[in-house]
Amino acid sequence: MTQPSTTAPRRPCARLTARATALVLVGAFVLGGTGSATAHAATAAHAATAARAGLSVPAGTAAPAGSVGVPAAARLESPATAAATWAASRLTDGSHASGDHGLTADLVLAFASTSTGGRTVAAAGDWLEEGAEEYISRGVSGDVNAGATAKLALVAGVDRANRDAEDFGGVDLLATLRARLQDDGRFTDDTVSGDRSNQFTQSLAVLALVRAGEAPVRAVDFLADTRCADGGYPLSLGSDPDRCTADVDSTGMAVQALLAAGRTADATPALDWLESRQHDSGGFDYAGTGATAANSNSTALAVQALSAGGRTAAADIGVGWLHGVQLGCDAPEDERGAVGYLEPVVDGAALRATAQVVPALAGRALGDIDNADTVPELAEITCLPAAAAPSVPTAPRNGPTDR
């Protein structure tokens, strides 16, 4: 859940370019990335390249083009911990994602979801505490960004044995967040540039306050009431209800928050909506229309929601798609475990995509991640023969196809 700002994420274009990747890293709120040909087609192309090179492509982990030197049967023993370990290798000074507070917070949640990398979680948490005021205010004295506050509060709650949400870098995150709760139940920003809060803000705030004890009923009611007529949830909270447009990312976040708050009945229509929007390949595109390629960020949020909601078959097929965009044992050693946005490639969007995907691979919803039993070290990236690893469901589904 990479969320450095409250602007809506850019969605796939016709081809992935260095310029588009840079825009992703600067402008995404929770999700990032931009697109090229469909992930389904790209994965097939990589598989064909590997086959021509005499390498097999294990089910669930696609081999990137040009990979050599690894036995064809090898595959990642643990895709989730491998992704976490690769992501940690990309941190600056072992503690932050090139100064990006939102992405660093997402990585803390990712590491904790695998119960590995406790020392890295501690270092990243210290860095986040040092910059808490800067992240919340975006450098403007007196400004309060509710989404940033909520994300830090969630991080503090996940690592509650070592962090205090009421004194996080000198900031009382819970009091600050509750102060942004309006009478109608919406959490809003208080900034000179205006209110840019959205569904991610609301969902993160509910998740953080549930973790801290209990979310105000009116906040959960407001979240539930933003549902569109078709069952999904929109990004914008201020749009005309008659023109409500749901998307996969916002729906995935809202479902996780509602389930964490014990509102299963309110989450059920959204779970139905997500299942209806799943591509035949198992992946999801941002809009849920099937008109664009499936991407790893949208798929991860959908998988977390589906898994938390007991939609195991759909979640498992989604995990299988995620395995297909992860670099496996046929990749160079320093790229193994990384997850691409649309295809298995390490580029400027890979760290953000990997951070989003790790909890989904680990089978942990945002409301369930806990750092209490995390071991200090990161896991070693280990390759096993394909026969030693579990198979990944790949059954076709009734939903949008990859195009």
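This is a predicted model: local features need pLDDT of at least 70, side-chain atom pairs count only at pLDDT 80 or more; totals for chains, interfaces and linings use all residues.
1. A nonpolar core here is a set of buried Ala, Val, Leu, Ile, Met, Phe, Trp, Tyr and Cys residues joined through side-chain atoms within 4.5 Å; buried means under 20% relative accessible area, exposed over 50%, and partly exposed in between (1.4 Å probe, protein chains only).

2. Residues are numbered from 1 along each chain as its sequence is written, and side-chain values use heavy atoms, with hydrogens and water left out.

3. Phe111 is in contact (heavy atoms within 4.5 Å) with Ala84, Ala87, Ala88, Leu91, Thr116, Thr120, Val121 and Leu378, leaving aside its neighbours within four places in sequence. Thr114 lies in helix H4, residues 101-114; helices (H or I, at least four residues) and strands (E, at least two) are DSSP runs, numbered from the N terminus. Thr114 counts as buried because its relative accessibility is 12%. With the neighbours within four places in sequence again left aside, the contacts of Thr114 are Ala80, Thr81, Ala84, Val358 and Ala362.

4. Helix H14 covers residues 312-324, and its 13 residues should span 18 Å at 1.5 Å a residue, the expected span being 1.5 Å times one less than the number of residues. The end C-alpha atoms of H14 are 19 Å apart, which agrees. H14 is mostly covered, with ten of its 13 residues buried; among them are Ile317, Val319, Trp321, Leu322 and His323.

5. The structure holds two disulfides, each a pair of cysteine sulfur atoms within 2.5 Å. Cys228 is joined to Cys244 with an S to S distance of 1.9 Å, and this link is left-handed, with -65° about the S-S bond. Both Cys228 and Cys244 are in the loop between helix H10 (217-225) and helix H11 (248-260), 16 residues apart. Cys228 counts as buried because its relative accessibility is 5%.

6. The other disulfide joins Cys329 to Cys383 (S to S 2.0 Å). The link of Cys329 and Cys383 is left-handed, with -105° about the S-S bond. Cys329 is in the loop between H14 and helix H15 (350-362) and Cys383 is in strand E2 (residues 383-385), so the pair ties together parts that are 54 residues apart in sequence. Cys329 counts as buried at 2% relative accessibility, whereas Cys383 counts as partly exposed at 27%. With the bonded cysteines of the protein chain numbered in sequence order, the pairing is 1-2, 3-4.

7. Ser98, though not a glycine, has a positive phi of about 50°; Ser98 lies in the loop between helix H3 (79-89) and H4 and counts as exposed at 64% relative accessibility. Ser115, also not a glycine, has a positive phi of about 60°. Ser115 is in the loop between H4 and helix H5 (118-130) and is partly exposed, with a relative accessible area of 23%.

8. Ser137 is found in helix H6, residues 132-137, and is buried, with a relative accessible area of 5%. The side chain of Ser137 reaches the backbone oxygen of Glu133 at 2.8 Å.

Key
A polar contact is a pair of N or O atoms within 3.5 Å; within protein, one must be able to donate a hydrogen and the other to accept it, and residues adjacent in sequence count only if both atoms are side-chain atoms.
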